[in-house]
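Take a moment with the sequence and the fold.

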Amino acid sequence: MTSLRNELSLGPNGVVREIFMKLVKLAFRRETAVPILALSFASAVSVALVAARVMWTGDFFYAGLAWNLFLAWLPLVFALLARDEFQTGAGRNFRFLGFAGAWLLFFPNAPYILTDIVHLTTYFYSHFWVDLTLILLCGLTGLVLGFVSLFLMQGVVRRMFGSAASWLFIGAVAGLSGFGIYLGRFLRFNSWDIFLKPVALSRGIGKWAANPLAHPTSYAFPMLFAVFLFIAYLMLYALTHLEHAEARTS
């Protein structure tokens, strides 16, 4: 209650400033500084290359990659805030649940960028290799952004419920994300449509649930993308243990 009064006394600008400063502090802690710096560099290079393509071709079609990359940062932002709430001893209060819910809602935006590869089959075929490299760079950056946030949230779940539950959590998130990416790519819904277009979103999901086998893509894509996310995360998780294994053998 005291923290809520303090936030109200700061006003909207003060709250935004306080959250921003808190995020900077959280991002550049010893355990997160290196991946954050690497992801910041990769994002800056990606945006610079998108801008270069726009200036080179005079076409703004792929400028959306920069916006998608911004959206890919949001899960990491919410994961940092949720983990901080948990670590301060606040436990599962409304702030923690709000940050965790926002993280899950926006998480599919991180790997979603990889699906932009579909544009290579219909647009600007003369720039195929340039555009392929650009999409893969942005997509890989978004994927790793999502996985870093997932790693942080898995740590929270592990502390709350144990190691086995944390991997069940990974599987559930991969499944939900596969379906979320399907909603975005094929039904053209966004994460915020749960608030802006709740009726249209519920109708879209209801129509899919009523006849999920109407089109093979409607069930194959979410399942396959969920498997892809789980396997890709598992490999990245294994790589994080290389240093520990090398330290034990030296």
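An axis here is a line fitted to C-alpha atoms, for helices over the stretch in contact, and the angle between N-to-C directions runs from 0 to 180 degrees. Two packed helices are described by that angle and by the distance between the axes. Keep in mind that this is a predicted model.

Start with helix 6 and helix 7. Their axes lie 7 Å apart, and the two helices pack at an angle of about 140°. Angles over 145 degrees count as roughly antiparallel, and those from 65 to 115 as roughly perpendicular. The crossing of helix 6 past helix 7 is right-handed.

Now look at helix 3, residues 64-87, beside helix 6, residues 128-161. The axes of this pair come within 9 Å. They cross at roughly 15°. Angles under 35 degrees count as roughly parallel, and helix 3 and helix 6 are therefore roughly parallel to each other. Their crossing is left-handed. Which classes of residue make up the contact of helix 3 with helix 6? The contact has 19 nonpolar residues, four polar ones and two charged ones.

Helix 4 also meets helix 6. Helix 4 spans residues 94-106, and its axis comes within 12 Å of the axis of helix 6. The two axes cross at roughly 135°. Helix 4 and helix 6 are therefore oblique to each other. This crossing is left-handed.

The largest cavity has a volume of about 40 Å³. Which helices line it? Helix 6, helix 7 (163-185) and helix 10 (217-239) each supply at least two residues of the lining of the largest cavity. Phe 107, Phe 147, Leu 150, Ile 170 and Val 173 are among the lining residues. By class, the lining has nine nonpolar residues, with no polar and no charged ones.

Finish with the aromatic rings. The structure holds 19 aromatic pairs. One aromatic cluster is formed by Phe 179, Tyr 182, Phe 186, Trp 208, Phe 221, Phe 225 and Phe 228.

Key:
Residues numbered from 1 in each chain as written. Predicted model: local features only at pLDDT ≥ 70, side-chain atom pairs only at ≥ 80, totals over all residues. Heavy atoms only, no water. Helix = DSSP H or I, 4+ residues; strand = E, 2+ residues; numbered from the N terminus. Left-handed = near helix turned anticlockwise from the far one by under 90°. Nonpolar A, V, L, I, M, F, W, Y, C, P; charged D, E, K, R; others polar. 1 Å grid on protein atoms, 1.4 Å probe; cavity = no way out; pocket = protein on both sides within 12 Å on 5 of 7 lines; lining within 4 Å. Points joined across faces, edges and corners; volume = space filled by probe spheres on them. Phe/Tyr/Trp six-rings, centres within 6.5 Å; stacked < 30°, edge-to-face > 60°.
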